[in-house]
Amino acid sequence: MQFVITGLPRSGLAWLANYFYKGESIVTHEGARFFLGDNRSMRQAHVKALHDLSGDCSSSWLLYPDLLRMVPRVVLIERERGDALRSFKVATEGLPGAPEQVFQTLVKGANDILGLHPLILPYEEAYGVRTVERICHHIREDFDLARLALLRNTRVTQDVHREYQRLSLG
């Protein structure tokens, strides 16, 4: 894997994955989920993703900050924790589990990766030219102004409930 863009849930990572998925580059949002077959644990799925993807834009890397040592370029999107938690609770409402506990684990992971010296950028509701250019430069991807213009006003979000059902059913 050439790069990971991570941050707390609901930080625009699905949109960023959409922007960077182009040409020969296979970039996913929460890509480890695609490798959960063959009785792999979530950690093992992340290891498989390291080998099979060009890049990933996912909060789940914060569960395994040690694995990010194997990624040459890491970007951390910083979203105000209260806003991220409120949005995460809305997205996960009605699902089993404790969203606040999961969220706190992700916050700890975000703190742990600071020692890797990632590029740290603030969350933006709609990522602008300067921010996307900085990410592109850091992860060594070409900046594509036409693609940014095409996606600029597009809202990309994951259907968390449907994805949870899919993963639960195998």
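From the N terminus on, the secondary structure elements of the chain follow the order β-α-β-α-β-β-α-α-β-α-α-α. In this predicted model, the chain thus comprises 7 helices and 5 strands. The C-alpha atoms occupy a box of roughly 40 × 35 × 30 Å along the principal axes. The radius of gyration of the chain is 15 Å, which agrees with the value near 15 Å for a compact globule of 170 residues.

Of the 170 residues, 47% count as buried. The accessible surface of the chain amounts to about 9300 Å², and carbon and sulfur atoms contribute 50% of this area. Among contacts between residues at least 6 apart in sequence, 74% join residues at least 24 apart. The charged side chains number 21 positive and 20 negative, and the centres of these two sets lie 1 Å apart.

Helix α5 spans residues 129-139, and its buried residues are Thr131, Val132, Ile135, Cys136 and Ile139. These residues lie on the same side of α5, because they cover an arc of only 135° around the axis. On the other side of the helix, Arg130 and His137 are exposed. The buried residues of α5 pack against strands β1 (3-7), β4 (73-78) and β5 (119-122), and also against helices α1 (13-20) and α6 (145-151). Arginine 140 follows α5 and has a positive phi, near 65°.

Helix α2 comprises residues 42-52 and contains histidine 46. The buried residues of α2 are Ala45, His46, Ala49 and Leu50. Seen down the helix axis, these residues fall within an arc of 150°, so they line one face of α2. Histidine 46 has a relative accessibility of 0% and therefore counts as buried, the cut-off being under 20% relative accessible area. When neighbours within four places in sequence are left aside, the contacts of histidine 46 are Ala32, Ser60, Trp61, Tyr64 and Leu67.

Positive phi values also occur at two loop residues, glutamate 30 and histidine 117. Glutamate 30 is located in the loop between β2 (27-29) and α2. Its phi is about 55°, a positive value although the residue is not a glycine. With a relative accessibility of 17%, glutamate 30 counts as buried, because the limit for that class is under 20%. Histidine 117 belongs to the loop between α4 (99-112) and β5. Phi of histidine 117 is near 55°, again positive in a residue other than glycine. The relative accessible area of histidine 117 is 68%, so this residue is exposed, the class being defined by a value over 50%.

Key
Residues are numbered from 1 along each chain as its sequence is written. This is a predicted model: local features need pLDDT of at least 70, side-chain atom pairs count only at pLDDT 80 or more; totals for chains, interfaces and linings use all residues. Side-chain values use heavy atoms; hydrogens and water are left out. Helices (H or I, at least four residues) and strands (E, at least two) are DSSP runs, numbered from the N terminus. The radius of gyration is taken over C-alpha atoms; the globule rule is 2.2 Å times the number of residues to the power 0.38. Buried means under 20% relative accessible area, exposed over 50%, partly exposed in between (1.4 Å probe, protein chains only). Contact means heavy atoms within 4.5 Å. Accessible areas come from the Shrake-Rupley method with a 1.4 Å probe; for residues, only the protein chains shown count as cover. Lys and Arg count as positive and Asp and Glu as negative; His and the chain ends are not counted. The place of a charge is taken as NZ of Lys, CZ of Arg, CG of Asp or CD of Glu. The arc is that of the directions from the helix axis to the C-beta atoms.
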